[in-house]
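Morning, everyone. Please have a look at the model on the screen, and then I'll walk you through it.

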Amino acid sequence: GDEAAGYLREVHVPCASLESLLDQRGWSRIDALFVDVEGYENEILLNADLQRLSAKLIVYEHHLLADQGAAIARRLSQHGYDCTRIGSDTLAVRRAA
């Protein structure tokens with residue numbers, strides 16, 4: 001309600017793609033990716049270069065995603081991941097080559 005208005009303030013937060021973070025740190029890949037961004041997991045996981053990241057494990061919250069959760073699971077499956085829902089999270093494990 002209106003009581004909360006006194007506690008709110010606008011904060012500008014810098015954003016970066018996963019690929020640019022890899023570049024900045026000089027990493028060629030990551031082993032695990034944990035995504036918990038309160039319903040915006042689709043923005044990350046539907047746009048990330050999954051081949052380049054080549055993470056062995058991706059964990060993300062799905063309970064706030066509505067229809068996007070299925071799209072993310074399909075995309076991960078197409079890129080070689082097996083997805084399992086556990087509670088409000090999905091674990092995506094890359095299949096062995």
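Let's start with one histidine. His62 sits in the loop between S2 and H4. Those labels come from DSSP runs, numbered from the N terminus: helices are H or I with at least four residues, strands are E with at least two.

Before I go on, the ground rules. This is a predicted model, with residues numbered from 1 along each chain as its sequence is written, and side-chain values use heavy atoms, leaving out hydrogens and water. Local features need pLDDT of at least 70, side-chain atom pairs count only at pLDDT 80 or more, and totals for chains, interfaces and linings use all residues.

Is His62 buried or exposed? His62 counts as buried because its relative accessibility is 9%. The cut-offs are under 20% relative accessible area for buried, over 50% for exposed, and partly exposed in between, with a 1.4 Å probe and protein chains only.

What does His62 touch? Not counting residues up to four places away in sequence, the list is Arg85, Gly87, Ser88, Asp89 and Thr90. Contact here means heavy atoms within 4.5 Å. With Thr90 there is also a side-chain to side-chain polar contact, at 2.8 Å. That term covers a pair of N or O atoms within 3.5 Å; within protein, one must be able to donate a hydrogen and the other to accept it, and residues adjacent in sequence count only if both atoms are side-chain atoms.

Now the hairpin. S3 and S4 form it, with 2 residues between them. Gly87 in the turn has a positive phi of about 60°. S3 and S4, the latter residues 89–94, pair in the antiparallel sense over 6 bridges. Pairing takes at least two DSSP bridges between two strands. Asp82 stands opposite Val93 in S4. Thr84 stands opposite Leu91 in S4.

Step out to the sheet. It is open, with 4 strands in the order S1-S2-S4-S3 and mixed pairing. The edge strands are S1 (32–35) and S3 (81–86), each pairing on one side only.

Last stop, Leu76. Leaving aside neighbours within four places in sequence, Leu76 is in contact with Leu50, Ile58, Tyr60, Tyr81, Cys83 and Ala92.

That's the tour. Over to you.
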